[in-house]
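This briefing sets out selected features of the structure shown below. The points are grouped by topic for reference alongside the coordinates and the sequence.

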Amino acid sequence: MSDLNRLTIAAARDALRKGELTSVELTGACLGAIAGAGVLNAFVHPTPELAMTQAEGADHRIKAGMAPDLCGIPLGVKDLFCTKGVLSQAGSNILKGFRPEYESTVTAQLFRDGAVMLGKLNMDEFAMGSSNETSCYGNVVNPWKVDGRNLTPGGSSGGSAAAVAADLCLGATGTDTGGSIRQPAAFTGIVGIKPTYGRCSRWGIVAFASSLDQAGPMTKDVRDAAIMLRAMSGHDPKDSTSADLAVPDFEAALTGDIRGKTIGIPKEYRMDGMPEEIELLWSEGTAMLRDAGARIVDISLPHTKYALPAYYVIAPAEASSNLARYDGVRFGHRAKLAQGDGITEMYEKTRAEGFGPEVQRRVMIGTYVLSAGFYDAYYNRARKVRALIKRDFDQAFEAGVDAILTPATPSAAFGLGEMADADPVQMYLNDVFTVTVNLAGLPGVAVPTGLDRQGLPLGLQLIGRPWDEAELLNVAYTLERAAGFVAKPDKWW
Amino acid sequence: MSIDIETARRVAKLARIRVDEAALPGLAQEFSAIMGFIEQLNEVDVEGVEPMTSVTPMRLKRRADVVTDGNQQAAVLANAPDAREGFFAVPKVVE
């Protein structure tokens with residue numbers, strides 16, 4: 001077999017079990033691909049020795065029979081996950097040199113199943129960004145290229161998206177606070193699912209906004225997302241918000257039969273100035289689901305337009321609290337102090353040097369909305385609007401809607417640096433279709449369904465009922481099969 | 001809503017982030033743009049609405065109030081920028 005790194009997780013699993021290839025061979029192919037893709041800047045801390053040791057162990061397990069689905073599968077891990085003994089910096093200079101003494105629950109579960117870690121993946125600093133341009137490691141470059149420009153892979157899980165799209169790994173972990181799995185998945189033509197809030201443990205994942213953060217898989221197709229999500233999910237006593245619910249076999253739910261299911265099309269997602277191509281993609285996707293036997297209904301989610309402003313109160317508020325721990329005392333960077341500097345100077349200089357501009361901005365906005373006199377006007381009001389956004393979805397589901405179809409992003413990938421002079425709010429608009437899902441805690445998946453006129457991938461988003469990722473993935477699988485998206489970026493790197 | 005330079009300075013201080021005096025006007029302007037965007041929330045009638053607390057009604061797990069972990073001094077201090085004699089070291093806090 002050639003180009004082993006191009007395999008899907010499911011194909012590699014089956015070939016490993018049949019003895020047609022070994023994890024060592026598969027891992028070697030991925031490490032070779034990573035070594036040749038430095039220009040994409042996706043893998044920032046490769047772990048080739050660890051990967052080969054894990055691959056050898058996985059090969060023994062597979063030979064012995066009864067190995068889990070992910071046994072021997074080489075994956076990339078977003079830098080936001082704490083991995084024992086391996087640099088975990090959340091894309092930030094303030095965590096420079098940080099090697100956790102512990103393993104995040106999600107990566108521990110992946111390793112329990114025999115997955116191989118190829119290394120840590122680039123991301124926006126503290127997952128704050130939509131273009132992977134806020135990272136302390138520099139920009140990630142999208143493997144998709146249509147002209148002289150380098151394009152963004154999206155963010156914050158930009159390294160994960162680029163690595164999967166460029167076949168540097170078979171799948172990758174991402175995290176999603178406002179769209180950070182789904183937007184980069186759409187920009188790179190791959191699948192990404194943010195599960196229901198509480199499905200995956202947050203323990204050991206560097207916190208951004210705790211009531212919104214969720215981990216999820218980023219993969220080459222829906223089947224792989226189902227396989228990987230099952231391994232990542234489950235109750236964890238170390239995360240009090242993780243749900244004590246059984247984890248279904250998501251892959252077994254992929255029947256491709258959605259006859260009689262009801263798909264809602266929310267009118268509020270038809271925005272002014274939305275490119276015609278996105279509009280067309282959406283109506284084509286709607287037709288595909290109708291042709292597959294689903295009933296299509298128009299629905300209304302009236303508070304949609306308030307989701308982004310509510311998010312930009314709640315997320316920075318939680319971030320300002322979570323990021324208070326970076327004070328130069330227990331881990332990470334500490335500024336060099338001048339003669340006579342005390343503890344306050346140490347905090348202020350450390351945080352000014354360690355945090356990049358976008359993180360500083362959000363920490364300060366969060367500080368402001370939580371400050372005395374503004375707490376009710378901003379923070380509590382935003383939390384109430386959040387309840388109304390969730391109620392919109394609850395009412396749609398109560399009326400019999402099984403899943404909701406929307407565009408994943410308002411545009412295809414844009415050029416790196418093109419938004420440099422824009423006001424921060426312009427960048428925030430990237431998450432306009434995805435952020436509602438985080439606020440309501442629902443599962444959402446981005447599926448690539450077409451190319452735009454320039455030849456760049458575009459994706460649609462499906463939103464499901466809470467805890468019903470199985471049904472959601474089945475609708476996504478049906479859409480994926482109908483769309484038949486198989487395009488890959490031409491290798492130029 | 002317009003954020004003035006004095007407010008930007010106060011917020012930076014509260015957030016314990018040193019901001020150069022020269023950077024304050026730009027920062028205030030960015031805050032004003034973001035807060036202007038957030039102002040839209042005032043259009044929403046939130047009378048009688050309870051803030052959202054969870055996706056599905058769920059009681060937080062409880063456990064016995066006992067020590068579950070510990071005796072890991074070396075691991076706890078391993079990443080400290082300055083650790084001495086089993087403690088985190090910081091500049092003088094009280095005169």
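Apart from neighbours within four places in sequence, A:T262 is in contact with A:A294, A:R295, A:V297, A:G400, A:V401 and A:D402. The model is predicted. The points below begin with the setting of this residue and then turn to the core, helix packing, the contact between the chains and backbone geometry.

**Setting of A:T262**

- A:T262 is located in strand β7 of chain A, which covers residues 262-266.
- Because 18 other C-beta atoms lie within 10 Å of A:T262, this residue is partly exposed.
- The C-alpha atom of A:T262 is separated by 9.3 Å from that of A:G293, and the two residues are 31 residues apart along the chain.

**The largest nonpolar core**

- The largest nonpolar core contains 165 residues, of which A:L75, A:L462 and A:L473 touch the most other members.
- Helix α9(A) gives the most to this core, contributing 10 residues.
- A:L473, with neighbours within four places in sequence left aside, is in contact with A:V222, A:A225, A:A226, A:F250, A:A253, A:L254 and A:V445.

**A:I314 in helix α9 of chain A**

- A:I314 belongs to helix α9 of chain A.
- A:I314 counts as buried because it has 26 C-beta neighbours inside 10 Å, and the cut-off for a buried residue is 20 or more.
- Leaving out neighbours within four places in sequence, the contacts of A:I314 are A:A209, A:A382, A:R383 and A:R386.
- Between A:I314 and A:E20 there are 294 residues of separation in sequence and 50 Å in space, taken from C-alpha to C-alpha.

**Helix packing within chain A**

- Helix α2 (residues 23-35) and helix α3 (residues 48-64) of chain A pack at an angle of about 160°, and their axes are 8 Å apart.
- Helix α2(A) is therefore roughly antiparallel to α3(A), since angles over 145 degrees fall in that class.
- The crossing in which α2(A) passes α3(A) is right-handed.
- On the α2(A) side the contact is made by A:S23, A:V24, A:T27 and A:L31, and on the α3(A) side by A:P48, A:A51, A:M52, A:A55, A:E56, A:A58 and A:D59.
- Sorted by class, the contact of α2(A) with α3(A) comprises seven nonpolar, two polar and two charged residues.

- Helix α9 of chain A (residues 307-322) packs with helix α2 of chain B (residues 24-38) at an angle of about 125°, with 8 Å between their axes.
- That angle makes α9(A) oblique to α2(B).
- The residues in contact are A:P309, A:Y312 and A:V313 of α9(A), together with B:I34, B:F37 and B:I38 of α2(B).
- The contact of α9(A) with α2(B) has six nonpolar residues and no polar or charged ones.

**The contact between the chains**

- Chain A supplies 53 residues to the contact and chain B supplies 36 residues.
- On the side of chain A that touches chain B, at least two residues each come from α9, α10 (343-354), α11 (357-370), α12 (375-398) and α13 (424-428).
- Helix α12(A) gives the most to that side, with 11 residues.
- By class, the residues of the side of chain A that touches chain B are 27 nonpolar, 11 polar and 15 charged.
- B:V49 touches A:K384, A:A387 and A:L388, when residues up to four places away in sequence are not counted.
- B:V49 is placed in the loop between α2 and α3 (73-77) of chain B, and its 16 C-beta neighbours inside 10 Å make it partly exposed.

**Backbone geometry**

- Most residues other than glycine have a negative phi, and most peptide bonds are trans.
- The peptide bond from A:G155 to A:S156 is cis, with omega near 5°.
- A:S156 lies in the loop of chain A between β3 (116-121) and α5 (158-165).
- A:N132 is not a glycine, yet it has a positive phi of about 55°.
- The loop between β3 and α5 of chain A contains A:N132, which counts as buried because it has 34 C-beta neighbours inside 10 Å.
- A:M66, a residue other than glycine, has a positive phi near 65°.
- A:M66 lies in the loop between α3 and β2 (74-78) of chain A, and it is exposed because 8 other C-beta atoms lie within 10 Å.

How values were computed. Residues numbered from 1 in each chain as written. Chains lettered and ligands numbered in written order. Predicted model: local features only at pLDDT ≥ 70, side-chain atom pairs only at ≥ 80, totals over all residues. Axes fitted to C-alpha atoms, helices over the stretch in contact; angles between N-to-C directions. Helix = DSSP H or I, 4+ residues; strand = E, 2+ residues; numbered from the N terminus. Parallel < 35°, antiparallel > 145°, perpendicular 65-115°, else oblique. Contact = placed C-beta atoms within 7 Å. Nonpolar A, V, L, I, M, F, W, Y, C, P; charged D, E, K, R; others polar. Core = buried A, V, L, I, M, F, W, Y, C linked by C-beta atoms within 7 Å. Buried ≥ 20, exposed ≤ 12 C-beta atoms within 10 Å, placed from the backbone. Left-handed = near helix turned anticlockwise from the far one by under 90°.
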